[in-house]
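Student: Could you walk me through this one? I'd like to go piece by piece.

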Amino acid sequence: MKILGRVTFFLLLGGIFAQSSRNAKVSGKSAKRGGGGVAQAGDAGQSTPTADASQGSSRNSGRSADSRQDSTAGSRAAGQQTDEMRLQFLRSAQVTCNDGSASGFYLKEFRGSRRWLLFLEGGWCCYSKETCDSRYQNIPRLMSSSGWPQTKRGTGILSSQAEENPHWHNANLVFIPYCSSDVWSGTGPAPTPAPRTRQGKDKYSFMGSLIIREVIKDLIPKGIKQAKVVMLAGTSAGATGVLLNIERVASQLEQLGTEAQVRGLVDSGWFLESKQQRSPNCPATVSCTPEDAIKIGLRMWNGVVPERCRQLYKRGEEWQCFFGHRLYSTLTSPLFIVQWLFDEEQLRVENIYMGGQSLSEEQWQYIQNLGLEIKNSLTDVTAVFAPSCLSHTVITKSNWMSFQVKGTSLPRALHCWDRSLEAIRNNRTPSKGCPFHLVDTCQWPQCNPTCPALVDQATQQELTLLQMLVAMGLDPQRLGLDPEGEGDSLVSMANNGG
């Protein structure tokens, strides 16, 4: 049962749940660089762009490049007056998804804009024939483009509506689906041309890093060479993809002759190493820790990491570059880190499920320590938004404007960071009173009053943290959480923090 449970854990990470229907429309140091992330967790609960009701037929993976371009050109013309992003397949037939079907991207152009937002989807990874076959059988959209819809509607920072996305709605928006299962690091060869079934085959293609390169090539006719700003963003595994590829993207655009500043937005990808003991059966089973999974996967994927980080570690230790606190100091591109201090996927790695059936005092202590450790690891990060909440991913959620740290919303903090970078680029002094280093000072989970609500998995009811702990078998007073008191109560913490 433990193996079955862990299979389910690895498969479900990555934005495979239905997106939240909430559409809350709440207004909500000079920057040198930012930090990084690791894809040890997925995007459970991530709100990704949803497919339009009229999806259209999915495309045959064997279609020629010319016919693909004719099809996508017609789709783009038809969608000019809509808010939808439309699917376009890569012109290169050699760079593919895991199963050999062509990769691609969704695009919503904003004519005349010199700002581009490229978003990398999350979804954990697979790192062995067993895990890849299971992934292919259970979540084929993360390994194949054969079932992708023709359109997607962007939400959060991918929305083209000003009321939902005040500062980036008028950028050229690009959503790159994740179908390489390699944390966007792979440069592996294409599989042999053979029919593939839902049960999987012996060979898979791992080309995540190459897919990003080819997307940028295909965006040249769309005007990315004239870009002023290119933001590479991602959530969870996609956030790690940002860290692993941002220097390559900057170099590629520089070689094209563009003067664009390449920036990174890393959402829910700043993870710490697992406290789990390594399973003696790894890699024979799916019971690997995330570190071991990445270490094994790097060989399978022919994965690459940023060169400056790679030089810090001996051969076989490159997996450490997947962790933001190790990678951060080696990167030169500006980055903004968005990280919940009590990330749900970091907790799940330790087999802690808030809203589940039970929670031990030792697990509660781990939760408390996690917030402090993540907070300490973010000390030297220039641009950061870190609420003291239990959640995972935020930038593609429709209600992303409602969360605040010290009275500043995430879109506002991103705008302040944007203004600061522009000022520095133009040799001006950044304006004061516009913060973008925002880390909650209160110590408890959910002590920020704007945190997303906790939901009991059994009843689907929203609960406070105290109610959740009681439901999971803990005594709040024994833990020092007295709902009647003022000194150590969560109410007092919320008043002092947030």
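Student: How many bridges join strand 7 and strand 8, and in which sense do they pair?

Tutor: Keep in mind that this is a predicted model. Strand 7 covers residues 229–235, and T235 stands opposite D267 in strand 8. The two strands pair in the parallel sense, and the number of bridges is seven.

Student: How many of the residues of strand 8 are buried?

Tutor: Take the two faces in turn. On one side Q261, R263, L265 and D267 are buried, and on the other V262, G264 and V266 are buried too. Strand 8 (residues 261–267) is therefore largely enclosed by the rest of the structure, with the buried count at seven of the seven.

Student: Are helix 4 and helix 5 roughly parallel or roughly perpendicular?

Tutor: Start with the axes of helix 4 (residues 208–218) and helix 5 (residues 237–255): they come within 11 Å and cross at roughly 30 degrees. Angles under 35 degrees count as roughly parallel. So helix 4 relative to helix 5 is roughly parallel.

Student: Is their crossing left-handed or right-handed, and what sort of residues make the contact?

Tutor: The crossing is right-handed. From helix 4, S209, I212, R213, I216 and K217 meet N245, R248, V249, Q252 and L253 of helix 5. Sorted by type, the contact residues come out as four nonpolar, three polar and three charged.

Conventions: Residues numbered from 1 in each chain as written. Predicted model: local features only at pLDDT ≥ 70, side-chain atom pairs only at ≥ 80, totals over all residues. Heavy atoms only, no water. Axes fitted to C-alpha atoms, helices over the stretch in contact; angles between N-to-C directions. Helix = DSSP H or I, 4+ residues; strand = E, 2+ residues; numbered from the N terminus. Parallel < 35°, antiparallel > 145°, perpendicular 65-115°, else oblique. Left-handed = near helix turned anticlockwise from the far one by under 90°. Contact = heavy atoms within 4.5 Å. Nonpolar A, V, L, I, M, F, W, Y, C, P; charged D, E, K, R; others polar. Buried < 20%, exposed > 50% of the residue type's maximum accessible area, 1.4 Å probe, protein only. Pairing = 2+ DSSP bridges.
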